[in-house]
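Hi everyone, thanks for coming along.

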Amino acid sequence: MAETKRIKTALVSVFHKDGLDALLKKLHDEGVKFLSTGGTQKFIEELGYPCQAVEEVTTYPSILGGRVKTLHPKIFGGILGRRGLAEDQAQMQQYEADIIEKIDIGGISLIRAGAKNFKDVVIVPSKAEYGPLLDLLNRKGAQTDVEDRRWFATRAFGVSSHYDTAIHAYFENGK
């Protein structure tokens, strides 16, 4: 039997908010807490859901005009920490990296981190996966198994690969 994990907290950081409201409603109904920044946080709160600011977790402000918000050990530690390793757990506690399950929708570094640690994290790399996640939540609640998480990780690495290919092509063409 696949190892089942409950989604407890969702780090939500998106550009495309269309279609996100139904997903947020289902997650909220399942008791999932939200963590976000800027415009996405405002969007979540305008829908009437509580949302903790990333800056409250990191105790570090958004800098460089909002370009650096989530690049912090407390965020990446929470995503990359291996739940089954006592050493990781101890370091996460020592450095206050919250031990939380995350649906990570956002920057390419966060996408890669979530996909790398798919055994513990559900990564939703683009709005194309909103529907599949909502279907999964409707079938299973906020419970996922490793095959579910691997499916999302596979899509995440596809998004990451496409992103890198597009950047490579841009620079290769001298633009």
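A quick word on the ground rules. This is a predicted model, where local features need pLDDT of at least 70 and side-chain atom pairs count only at pLDDT 80 or more, while totals for chains, interfaces and linings use all residues. Residues are numbered from 1 along each chain as its sequence is written, and side-chain values use heavy atoms, with hydrogens and water left out.

Let's begin with the sheet. Three strands form an open sheet in the order β2-β3-β4, paired in parallel. Strands here are DSSP runs of E with at least two residues, helices are runs of H or I with at least four, and both are numbered from the N terminus; two strands pair if DSSP finds at least two bridges between them. At the edges sit β2 (9-12) and β4 (51-53), each pairing on one side only. From one strand to the next, the twist averages 30 degrees. Strand β3, residues 33-36, runs parallel to β2 and is joined to it by four bridges. Within that pairing, V12 is opposite S36 of β3.

Now, which helix packs on this sheet? That is α2, residues 38-46, which touches β2, β3 and β4 (contact means heavy atoms within 4.5 Å). The direction of α2 makes about 155 degrees with that of β4; axes are lines fitted to C-alpha atoms, for helices over the stretch in contact, and angles between N-to-C directions run from 0 to 180 degrees.

Which residues of α2 are buried? They are T40, Q41, F43 and I44, where buried means under 20% relative accessible area, exposed over 50% and partly exposed in between, with a 1.4 Å probe and protein chains only. These four cover an arc of only 160 degrees around the axis, so they lie on the same side of α2; the arc is that of the directions from the helix axis to the C-beta atoms. Their cover includes β2, α1 (20-29), β3 and β4. On the face turned away, we find the exposed K42 and E46. E45, also in α2, is partly exposed at 38%. After α2 comes G48, with a positive phi near 95 degrees.

Last, the aromatics. The whole structure has two aromatic pairs. In one of them, W151 and F152 have ring centres 4.9 Å apart and planes at 85 degrees, so the pair is edge-to-face. Rings of Phe, Tyr and Trp (its six-membered ring) pair if their centres lie within 6.5 Å, with planes under 30 degrees apart stacked, over 60 edge-to-face and the rest tilted. W151 is partly exposed at 34%, whereas F152 is buried at 3%.
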